[in-house]
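Here is a short briefing for a reader new to this structure. Please look over the sequence and the model, then read on.

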Amino acid sequence: MREPIHRRLQQLSDAYGSILNFSWGIRGVLLVSYPSAIEKCLSKNDLFFANRPRLFAGKYLGYGYTSIGAASYGPLWRNMHRVTTLEFFSTKRLNQFLDIRQDEVRLLLKNLYQSSSQSFIKVQMESKLSELSFNVIMRMIAGERYFGVEVDNPEEAKRFRNIIREIFYLSEASNLADFVQFLQWMDYQAYKKRIITVQKKAYGYMQNLIDEHRKKRNFPAPLLVPHESSDDCNIGGYDVPRSTMSIINAWAIYRDLTIWENPTSFNPERYESFDGEGYKFLPLSWGEELALGLDLPIE
């Protein structure tokens, strides 16, 4: 399938229907491109679709499928969800780090002003907002800035940025060995070697942060208990076998003329009266795994 994948998937849905079952190598795939079908996936059958497919990236970058982005739905995942909800996203915790967010926004605005004070220039806001997010997160975790011009430790910041860049690249890249079984017997395109290399760098970096924090707080090591679940289910009259990857093509839904009027025009006001009916709009807060803002294909 040629890039961009979401457009190719939309063409398949237009040709064969809003619920489509096909295979990517050894993996079965369920493509859902209509709100009523998505509602059946994310409401009645949300637990069935809560797991992640077990890909190489989850194994080597997700601590053997035990991180919150790779763990199967079960006691481990629910415990991590509870911890993140209470420790990271509670009102008290968010208010505690309000000064950090405000300071990072001020630095971003200052940088934009300095760049455009003499004349108009084009700015890639995607990268700026990404840097803003990472700086907020890392100041909450480690108390240091790693992105932008005013970093606290340039050498350490460069090391961290290189690790993050490689992780994002390998996580987003399509690894054929995840879908073609015989390629698992060899290191196709040296993917395994590269991901193990960046795994060691990332684990070493994060372990240093954890060790420093434990010395200050005297915390014990956490106990991780992986868990798997899911069984066969029925979606809108179609039987879906266990371990099927589901892909919800939100891009196709937002451009469906039968759902939205002038879907390709810039009209953010269209969402003002949104009441959640019909799953026409998919914020990152619906479904078990989607509640954490994870929008990768789910198992």
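**Sheet and helices**

Helix H2 lies across S1, S2 and S5, and runs at about 125° to S2. Contact here means heavy atoms within 4.5 Å. Axes are lines fitted to C-alpha atoms, for helices over the stretch in contact, and angles run from 0 to 180 degrees between N-to-C directions. This is a predicted model: local features need pLDDT of at least 70, side-chain atom pairs count only at pLDDT 80 or more, and totals for chains, interfaces and linings use all residues. Residues are numbered from 1 along each chain as its sequence is written, and side-chain values use heavy atoms, with hydrogens and water left out.

**The sheet**

- Three strands form an open sheet in the order S1-S2-S5, with mixed pairing. Strands (E, at least two residues) and helices (H or I, at least four) are DSSP runs, numbered from the N terminus.
- Strand S1 (19–24) and strand S5 (245–248) are the edge strands, and each pairs on one side only. Two strands pair if DSSP finds at least two bridges between them.
- On average, neighbouring strands of this sheet are turned by 25° against each other, direction ignored.
- Strand S2 (residues 27–32) and S5 run parallel, joined by four bridges.
- Leu-31 has Ile-247 in S5 as its bridge partner.

**Helices on the sheet**

- Helix H1 (residues 5–16) packs on the sheet and touches S1, S2 and S5. The direction of H1 makes about 130° with that of S1.
- Helix H2 spans residues 35–44, and its buried residues are Pro-35, Ala-37, Ile-38, Cys-41 and Leu-42. Buried means under 20% relative accessible area, exposed over 50%, and partly exposed in between (1.4 Å probe, protein chains only).

**Salt bridges**

- The model has seven salt bridges. Each one is a side-chain nitrogen of Lys or Arg within 4 Å of a carboxyl oxygen of Asp or Glu.
- Glu-87 and Arg-93 meet in one of them, at 2.8 Å from N to O. Glu-87 is partly exposed at 37% relative accessible area. Arg-93 is partly exposed at 23%.
- Glu-104 forms a salt bridge with Arg-145, with the closest N and O atoms 2.7 Å apart. This pair links distant parts of the chain, 41 residues apart: Glu-104 is in helix H6 (residues 98–116), and Arg-145 is in the loop between helix H7 (125–141) and H8. Glu-104 counts as buried because its relative accessibility is 2%. Arg-145 also counts as buried, at 10%.
- Glu-150 pairs with Lys-110 in a salt bridge, with the closest N and O atoms 3.5 Å apart. Glu-150 lies in the loop between H7 and H8, Lys-110 in helix H6, and they are 40 residues apart. Glu-150 is partly exposed at 37%, and Lys-110 is partly exposed at 38%.
- Salt bridges that share partners join Asp-103, Glu-104, Arg-106, Arg-139 and Arg-145 into one network.

**Positive phi**

- Most residues other than glycine have a negative phi.
- Ala-190 has a positive phi, near 55°. Ala-190 lies in the loop between helix H8 (154–172) and helix H9 (191–217). Ala-190 counts as partly exposed, at 29% relative accessibility.
- Asn-262 also has a positive phi, near 50°. Asn-262 is in the segment after helix H10 (250–254).
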